[in-house]
Every structure is written in structure tokens, then in C-alpha cells.
Amino acid sequence: MAELSRQRRFVTPGPDETLEQLALRALPDESPEAGADLIRSWNLHIFAMRRPPGLLLGSDVVFVEPPLG
Amino acid sequence: MAEAVIVGAEMVAGHDGTVELLVRLRHPNGAEGPVVLDEETGLNLMAACGAASVEDLTGQSWRKIVEGVRCST
Amino acid sequence: MFDLIVRGGTVVDGSGQPGFAGDVAVKDGRIAAVGEVEGEARRVIDAAGRIVAPGFIDPHTHFDVQLLWDGAARPALEHGVTCVVPGNCSLSLAPIKADDRRRVVGMFQQIEEMPPEAFTTAFDWTWEDFAGYRAAIEDGLSINVAPLVGHSVIRLWVMGAAAQERAATADEITAMQDLLRECLAAGAVGLSTSFVDVDETGRPVPSRFAQFEELDALAAVLGEYGRMLQCVPEFYATDITIARIDQLAELSLKHGIPTTFSPLFDTSAVPDNAPRAIARVEEQFARGARVWPQMQTRPIDISFSLLRPSLFFARLPRWVRVLRQPLDQRLAALRDPDTVEKMVGDLGPDGGEAMMGRLIVRGGDAAPAGLVGKTLSEVARERGQVPARALIELSLENGLDVAFLSASQGHQSTDRIGPMLAHPLVHIGASDGGAHLASFSTYGDTGYLFSEFVRKAGAMSLEKAVAKITAETADIWGLKDRGRLAPGLAADIVVFDAKSIDRADELPAFDMPGDGMRYVRAARGVDTVLVNGEVAYADGGYTDSRSGVVCV
């Protein structure tokens, strides 16, 4: 099977998973608060546009790293 | 700690025929990425930043975008 | 004896091969012969100097509601479209329990902008299941319909209000699978889902509350039938689009299904958006996945009025300040001569000619009929004013309810989009026919394909353009009976003038239930449209034919 080029890594939220729990799962080396802050800054498509704010959806693409340089 | 900042913003034509605001963020790793805001959120972002024009958004923290959406709801 | 022969045209059969002089004969709703046809027919259509092609297929529409009172999906059919795919973006009109109708109507109105009367007076809502919806539209069809079933309504049927609140349980997912099977058996050609749509309160539609595991389970059912999964991804956010492409590819490979996402836009603000997405599609096709990006032909127009603040003025601080005020204060400011003088002055010495002169006065609202379609520059000249002042005063004279249109503000670079539309892995579609009724016209994209990308830009041959919206579309969607002029296939045929086929100017029409308004574009250069062998449109008018079917 042909190789895929490297793209930005993402996860999808689990059922009832909070942002802090997701941050802990995706960024275990960060504190939950710092990890959540990073996740927010990398995923403004969720945190800038969601009503109600902060609602995480099972279908969301949540990036766990910044855009690739 | 370094954090993502707005390095540019411009109006774009939204899929639904409205004007949307495309905000370009530069992250601490030097990479840039766009965020598209609907008309109301874009106007609220400008208000939250005290921006008289979209050019004034440059240099603002990504956190202002979240403030913008809070103002919209 | 044939039923009908289209004689003496240039046959462009959908294969992409060069057109040839010939005839197309029809019997019992099917193509009986193609080439130099001998023999007689009960009716002969003279196609001298015209192109004879398979009927066009529009793979992304929202005609679900309109089809209940208008079986031609007007004006789609007069543009040569003989098959539409409704039910996109996770929403269809079945299966829906009676108790859930109000909730779904809100979602439909958000997307389609259809007046409430469309749901209360235009039809009898007698069905709940997919077979019932099919029966409700089938007798009145003069266009063919290949309907998708929406993920959001499947979820709502199984979970009720919880569909817009939480993940599904294993039992609920099993129930959704069973329901999807039932819909596919009743004629659905696939499942649609959405990652962006919201209801009338701004809350995400039910499909967005699904875990990937739920979508995977539903895709497994699509795999049993070899059917399509359609999704609408986030716009202009390339990294997310690529993530969605990868998700679709995973499902395509795992379950052996075709998938499509729509729309994919080109924009000068993010110039690598469409090229990067297409490059990812190429990588995934190389692995064996089928992930078809749908790209629309028409550019995006934007519109605004002074009734609401608009980012159109985002480079004019004083205008932003004035227009952000509550309505009474805004009106007071716009009536204040000093304020207006300063606002006009902000536009510089040309009074807004460069920024606003090409704005077009739209109809459908309080705009005086005599001004509809004129540029603000023309209106300003007639009034002896500069454009900025004319915009303000014209708005004030009509309660601010005058909309102005700024044409071709996005997805407008023909030089860039032409090669993308011609790309073998790009699926021409995403018209949204039947949606955004009060915002802009979603009809005539096929005419625009020929006028802009074939005739003007030469981005592809006429034969290639025909193939893209006929045979290739039929192949992508598995519509085995459609898309080609070949003996034995359904006789969906369009006769058009290659030199003039186009979309006409956008105009308001008050032909929705309750005299509701929508923007439409009439067809140009389309002579005759046959659906399953019967003439459904000819000489500028619709016939009484009801030969459309739900096709699979």
C-alpha cells in the first residue's frame, strides 16, 4: 500500500470526555491545565465557533500538535 | 511562555454568501494556520480587541478569538 | 418503430470521446440505438447544430422538500439536469417520526432557508419511513431522484432528543444500522453526514454527536450495499479537510465503499487549500481508497444590507462603529448629516466608486423594482451622488432592507479552478441546489461549466465537461443505468447549443409556498430535456411529463 505523507496528528474526543481529560490523554507530559490551553490554541475551529462554547463533540477533529512548519 | 498570535486577518466569502473573517495565527513553532470566523464572531473579535479595522488585529493573542466567541453567545 | 429519434445532432455520449454526427433513438424509455439510425419514430427532434448528450447529474442538492410539490426541481431540469441527489449534509425528510418533525424542520430551514409555509401548507406529511417518503414524491417526478438518507435523522429516530446530546450506546448503534439497511432497501443511494451544520439555534446537528465508531458501523452497512458516504467538512481549514479525507479513506478501504466530501473551495486567502486537499486525495486513491472531493463551478457571491452589521465594511472603522449599533441608534446615525459626511469621506476622493461601485442592487426585499440588477455606480450616477452616499440614502429610503451583492468574491479564479475541475479525481458537484434560497441562486452551475470553463477558458473540452457531469458522476455513485448514451440505458438526454449554453442572471422569484422568495437563474442554450425517454422540457417550457423515477 502506498505511503502517506506526514500530516498533522489529531484525535477524536471519547464519549463524555472533557477537554482536560483529552489533554491528559494526548499530551501526558503537560499538566491538564497547560495541555488544555495548548489544545485550545491549536483547535480554534472548535473553540471559536462552537455554541455552546466548549462543547466537545464525538466527531470533532482535535489536533494534538500545532500546524506543521 | 510563547503562544500563538494573530499575524493577519482578511475578509473571505463564506459558503453561505456572508462575509467571514479569516484570521491567520502564527504558533510558537513558527508555523501558521488559518481560523475562519463567522460574521458575528469576527465583528465581536474586533470589538474584543478594540480593533477599528481588521488590520488592528495583528499582534493580538489567540485568546482574544475565544473572547470574541464568548461575546457572540 | 421507435418512440422518438433525436436526429442530426453531434452526439457527445458521456464517455469523453470526441463527439460525432449521429442520431439517438428511444424506445420504451430507453436508448435503443446511437449512430446513424434508420427507421421511423412517432416523434422526431431535430438536433441539427446542437449537442446531444446524456442528462446531467447533480450530486449535491437539498431538493427534499421542494420535490413534494415540484417534481421537476425547477429550475434544475431546464438546465439539463435529469437526476438530482437530495438528502445531503446529514438531513433527509425520512425516516422521521411525527413527533420529531418540528425539530427537523428547524434544521432544514437553517440550511434551505425555506419559508415555514413550505412545511405547513405545501404538502401532506403522511409518512414516517423512507419508503413512505419515496412514495410521496414518486408519482409527481419529472426529474430523476437518487436520494441519500441523512445520518442526523437516523440518529434522531433511534435516540430521540438525546441524538443532539450524547454518544450512542451499542444497542442504539445496532438499531441505526438496522434502520439504515431499511432505507437502503427502500431506495436510498447512500448515507450523508455533516461535521459543520447547526440547527436554527446554532446547536450542532445530531450527526456531529456521533463517535467515529458509530460512523464506522454505519459505513459497514453501506459496504453491504456498496453505497456512498457523503460528508460536509469544515471550510477553508486545510488540515481539518485532510483529517476528514483520511477518515473517509479509512472507511472506504475498510468497507469497500465510495465516499465524497463537499464542498472543496479555492480561495486566494488560503491558496494551498484546494491543492493540498487534492494532493491528499491522490495519495489516498493510490492506496485504493475512494474519496471524491466535490467542487462547484460557480464563484461565491456575497451580499449584505445595512439591517445587520457586515464584515464587508471591516476596513472602514467608522462604518463598523455606526452599523454595530442597535437599530434605532443606527438609523439615527445614518440620518445625521455630519456622520454621513464623515462616512462618505472615509471612502476617499472617489466616494466609494472603487470599493462599492460594482455592488449590485438585489431584489426580493424592499429594493425598488426599477433599481434591481443595477450597479451602485449606475444608481449613484442617476441620483447625482457618489456610491457611498447612494448606498446609505437608498437604504434609508427603504427601511435599510435593500441588499447589495458583491459578485465573485470567492472561488472565483477561473485560471486556478479550471485545471482542478478537470482533474480526474475531482468530482464536479456541490451545487447545493434547493438550499440557501433567500441568499443566492444554486442553479445553473452546469451552464456555467460550459460558458466559463469550456468556452471562455478552454480548461477542458466539451466532451470532457459532459463526461464529468454524466458518466463519471454515474460511475462514482454507482448509478448503473445513467450517464451515457448507449443502447439499453435510460433515455435521459439533453439537447443544447454548445455556443450559448449558460446560466442567466440571478433574479428573485416568488414561487415558494406562501409566496416565499428565492433567487433563481434560468437556463440559456438548452433546447430539450428528456427524462426516461419523455420530453420534460422543450421550447422554453416544462411539459406535463411525469417520467422521473427514484433511480438506484
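What follows is a short walk through chain A, a hairpin in chain B, and a sheet and one glutamate in chain C.

Please keep in mind that this is a predicted model, in which local features need pLDDT of at least 70, side-chain atom pairs count only at pLDDT 80 or more, and totals for chains, interfaces and linings use all residues. Residues are numbered from 1 along each chain as its sequence is written, chains are lettered from A and ligands numbered from 1 in the order in which they are written, and side-chain values use heavy atoms, with hydrogens and water left out.

I begin with chain A, which has 3 helices and 2 strands, helices being DSSP runs of H or I of at least four residues and strands runs of E of at least two, numbered from the N terminus. Along the sequence these elements follow the pattern β-α-α-α-β, and the C-alpha atoms fill a box of roughly 40 × 25 × 25 Å along the principal axes. Of its 69 residues, 51% count as buried, that is, under 20% relative accessible area with a 1.4 Å probe, protein chains only. Among the contacts in chain A with a separation of 6 or more, 47% are between residues 24 or more positions apart, a contact being heavy atoms within 4.5 Å.

Turning to chain B, strand β2 (residues 19–26) and strand β3 (residues 32–37) pair in the antiparallel sense over 6 bridges, where pairing requires that DSSP finds at least two bridges between two strands. Leu21(B) stands opposite Leu37(B) of β3(B). The two strands, β2(B) and β3(B), form a hairpin with 5 residues between them, and in the turn Gly30(B) has a positive phi of about 90 degrees.

In chain C, by contrast, the pairing is parallel: 3 strands form an open sheet in the order β6-β7-β8, with β6 (56–58) and β8 (144–145) as the edge strands, each pairing on one side only. Strand β6(C) is joined to β7 (residues 81–84) of chain C by 3 bridges, and Ile57(C) has Cys83(C) in β7(C) as its bridge partner.

My last point concerns Glu463(C), in helix α17 (residues 462–468) of chain C. What is the nearest side chain of opposite charge to this buried residue, Glu463(C)? It is Lys464(C), 11 Å away, and Glu463(C) has no salt bridge, which would need a side-chain nitrogen of Lys or Arg within 4 Å of a carboxyl oxygen of Asp or Glu. Not counting residues up to four places away in sequence, Glu463(C) touches Val12(C), Gly16(C), Gln17(C), Pro18(C) and Gly19(C).

Notes. Buried means under 20% relative accessible area, exposed over 50%, partly exposed in between (1.4 Å probe, protein chains only). Lys and Arg count as positive and Asp and Glu as negative; His and the chain ends are not counted.
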